[in-house]
Amino acid sequence: SEKFKGVIVAMNSCYDAEGRVSPAAVKKLTRFLIDKGVNGLYVGGSTGEGLLQSVEERKLVLEAAIEASAGEVPIIAHVGALSTQDGIELAVHAEKAGAAALSAVAPFYYGYSEEAVGRHWSAIADSADLPFIIYHIPATTGFSLTKGLLKQLLANPKFIGIKTTTASTYELQQFKAMGGESFLMFNGPDEQYLAGRIMGADAGIGGTYGAMPELFVQLEKQYSAGRIEAARQVQFRINDIITDMLAVPIYAALKELVRRRGVDCGDVRAPLPKLSAAHAEQIDALHAKIELAVR
Ligand code: HMN
């Protein structure tokens, strides 16, 4: 599907000073990102803190993003949840709200078999009339998608692709080969956007894009024009910034950097670690690096 390609931002959720979801700030962030030229938004994922919110809050964030997007770019709703029941409720809501696709992490906490995870994903996918993107992120869920399970899931046309957040672009290439050319691969690690694209990713979904959307838009532009050396230079510039982000609490840092770019999304929700005074210098330096790079 031609709809999902390029730079898809795993966007932050926005809260007010009391920590309540702020639909106004979500809308502002949505506009900021779309106006920078990104190709889509991924709502309520890891960066979006979806798993730290109630079902009702997740609906509010998604509705605000869809409303502000005004149909200009596709909105992918991450509806992964601990229970299949919550996942289905969110999926049914996402379809009504106007999302372009669903996505979900594997269920976690209890260790689940492949059969159980397959049933969970299939039940969510079959609950709505929307395409479904598997979110493969074994480092956080403890569950690793296998070729065996993928083969079973591919029998259901609802499964249109995988967001692969592992360091292995080989794995990404292998999944793509199993699904065929029209089966979409979404690159997870932002540090490997270019490597992922070269190995077969159709798009990237990433959280750090939000603080520097211009750089990822530029990277995609260079890559799709076949200018690999220029694309490499942009990726290296990005990686210098991400390396600094990984040295501080990354989700809190991302929100602070987005705030400095003009959109206040509040703090991260506990138990995600917050920034402290000890990080001030690193954040200032990061902000300066980003300003210089996007100029
Ligand atoms: C999401 O759902 O928020 C993202 O798409 C996940 C994304 O792959 C991020 N991974 C995690 O947060 C675990 C990356 O943006 C990641 O933060 C970045 O590559 C820095 O390592």
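Biologist: Which residues does L102 touch, not counting residues up to four places away in sequence?

Modeller: L102 touches A77, V79, A91, A94, I124, A125, A128, L130 and F132. Two residues are in contact if their C-beta atoms, placed from the backbone, lie within 7 Å. This is a predicted model: local features need pLDDT of at least 70, side-chain atom pairs count only at pLDDT 80 or more, and totals for chains, interfaces and linings use all residues. Residues are numbered from 1 along each chain as its sequence is written.

Biologist: Which residues have the most contacts inside the largest nonpolar core?

Modeller: They are A65, A99 and L102, in a core of 89 residues. A nonpolar core is a set of buried Ala, Val, Leu, Ile, Met, Phe, Trp, Tyr and Cys residues joined through C-beta atoms within 7 Å. Buried means that 20 or more other C-beta atoms lie within 10 Å of the residue's own; exposed means 12 or fewer, and partly exposed is in between, with C-beta atoms placed from the backbone.

Biologist: Which helix gives the largest share of this core?

Modeller: Helix α2, residues 55–69, with six residues. Helices (H or I, at least four residues) and strands (E, at least two) are DSSP runs, numbered from the N terminus.

Biologist: How many helices and strands does the protein have?

Modeller: The protein has 12 helices and eight strands. Its radius of gyration is 18 Å, close to the 19 Å that the globule rule gives for 295 residues, so the protein is as compact as a globular protein of that length. That radius is taken over C-alpha atoms, and the rule is 2.2 Å times the number of residues to the power 0.38. Of the 295 residues, 47% count as buried.

Biologist: New topic, α7. Which of its residues are buried?

Modeller: In α7 (residues 169–179), T169, L172, F175 and K176 are buried. They cover an arc of only 115° around the axis, which puts them on the same side of α7. The arc is that of the directions from the helix axis to the C-beta atoms. An α-helix has 3.6 residues a turn, so residues three or four places apart point the same way.

Biologist: What do the buried residues of α7 pack against?

Modeller: They pack against α6 (147–153), β6 (159–164), β7 (184–187) and α8 (193–198). The face turned away from the buried side carries the exposed residues Y170 and A177. Just after α7, G180 takes a positive phi of about 90°.

Biologist: Which residue has a positive phi of about 60° although it is not a glycine?

Modeller: That is E49, in the loop between β2 (40–43) and α2. Y109 also has a positive phi, of about 85°, and is not a glycine. Y109 sits in the loop between β4 (101–105) and α4 (114–126). Most residues other than glycine have a negative phi, and most peptide bonds are trans.

Biologist: Is E49 buried or exposed?

Modeller: E49 is buried, with 22 other C-beta atoms within 10 Å. Y109 is exposed, with 8.

Biologist: Where is the cis peptide bond?

Modeller: The cis bond joins A270 and P271, with omega about 10°. P271 lies in the loop between α11 (250–260) and α12 (280–294).

Biologist: Last one. How many residues surround the ligand?

Modeller: There are 19, and the closest are A10, G45, S46, T47 and G207. A residue is near a molecule if its C-beta atom, placed from the backbone, lies within 6 Å of it.
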